[in-house]
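Me: I have a protein model open and I am new to this. Can you show me how to read its features one by one?

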Amino acid sequence: MVDVQTFNVQTGVVKTGYYRYDDDTQYVGEWNMRGQKHGMGYLKLPDGTRYDGSFHNGLCSGIGVMTFPDGAKYEGEMMQGWFHGHGVFWRADGMKFEGEFRGGRIWGLGLVTFSDGSHGFPRNEGFFQDCRMVRKKQCPDVVQKAQKVALMARAQCQPQEPEPMQQ
C-alpha cells in the first residue's frame with residue numbers, strides 16, 4: 001500500500017491508499033486497522049468488474065455501484081459482498097429490475113422493465129423469489145425507494161480509475 005494518511009479512528013477508518021493484488025485486482029480507498037477495505041473505496045477486478053462504494057471489514061457493504069464487463073450494472077444497497085436491500089439492476093440487454101434483493105438475488109417486491117420500456121403483459125410487478133415472480137402485487141413504494149437508493153449510490157459513488165502512485 002502506498003500514500004498512507006491518518007483518519008478518524010471512531011469510524012474504523014485509519015488509512016487511505018492504493019493497493020494492487022497479485023491477481024491484478026486494484027483497490028483505492030479507505031482501510032481499517034486490520035488492513036481490510038473499510039469506508040469508501042473503488043475496486044477493480046481482473047475481469048473488468050468494478051465496484052465503487054462503501055466497504056465494511058473487507059466486503060462491499062452499504063451503498064454502491066457495480067458495473068460488469070458485459071455492460072450490466074447494479075446501483076443500490078450491498079451487504080457482505082452481495083446485492084442486498086433496495087436497488088436497481090440493469091442487464092446488458094437493457095432490461096431492468098427495480099426493487100428488493102437478498103443474498104445477491106432478486107428476492108422481494110419489485111418491477112421488471114424490458115428494454116422497450118414495457119413491463120410485460122401481464123405486468124411483471126409483484127413478489128419475486130430467486131429471480132422469478134411468484135405473486136402479482138403493485139408495489140410503487142418499493143420501486144420508488146429502489147430508485148432513490150440507486151440515485152444516492154450514483155451521487156455518492158462517482159467511479160474513477162485507480163492511479164498508481166509514483167515510487
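Me: Which side chain does Arg105 meet in a salt bridge?

Reply: Start with the general idea. Side chains of opposite charge can pair when their charged atoms come close. Here, in this predicted model, Arg105 meets Asp130, with N to O at 2.6 Å.

Me: Where do Arg105 and Asp130 sit in the chain?

Reply: Arg105 is in strand E9. Asp130 is in the loop between strand E10 (125-129) and strand E11 (132-136). The two are 25 residues apart, and the pair links distant parts of the chain.

Me: How many salt bridges does the structure hold?

Reply: Seven. One of them joins Glu75 and Arg154, at 2.4 Å from N to O. Glu75 lies in strand E6 and Arg154 in helix H1 (residues 140-156), 79 residues apart.

Me: What about Lys96, which residue does it form a salt bridge with?

Reply: Glu98. The closest N and O atoms are 3.6 Å apart. Glu98 is buried, with a relative accessible area of 5%. Lys96 is partly exposed, at 22%.

Me: Which residues does Thr113 touch?

Reply: Skip residues up to four places away in sequence. Then Thr113 touches Gly94, Met95, Lys96, Glu98, Ser118 and His119. With His119 there is also a polar contact of 3.2 Å between the side chains. Thr113 is in strand E9, and it counts as buried because its relative accessibility is 9%.

Me: Now the nonpolar core. Which residues touch the most other members?

Reply: Tyr51, Met78, Phe83 and Phe101, in a largest core of 18 residues. Among the elements giving two or more residues to this core are strand E2 (26-31), strand E4 (50-56) and strand E6 (73-79). There is a second, separate core of six residues, including Leu109 and Val142.

Me: What is the overall pattern, and how many helices and strands are there?

Reply: Count one helix and eleven strands. Of the 167 residues in the chain, 40% are buried.

Conventions. Residues numbered from 1 in each chain as written. Predicted model: local features only at pLDDT ≥ 70, side-chain atom pairs only at ≥ 80, totals over all residues. Heavy atoms only, no water. Core = buried A, V, L, I, M, F, W, Y, C linked by side-chain atoms within 4.5 Å. Buried < 20%, exposed > 50% of the residue type's maximum accessible area, 1.4 Å probe, protein only. Helix = DSSP H or I, 4+ residues; strand = E, 2+ residues; numbered from the N terminus. Polar contact = N/O pair within 3.5 Å; in protein donor to acceptor, adjacent residues only side chain to side chain. Contact = heavy atoms within 4.5 Å. Salt bridge = Lys/Arg side-chain N within 4 Å of Asp/Glu carboxyl O.
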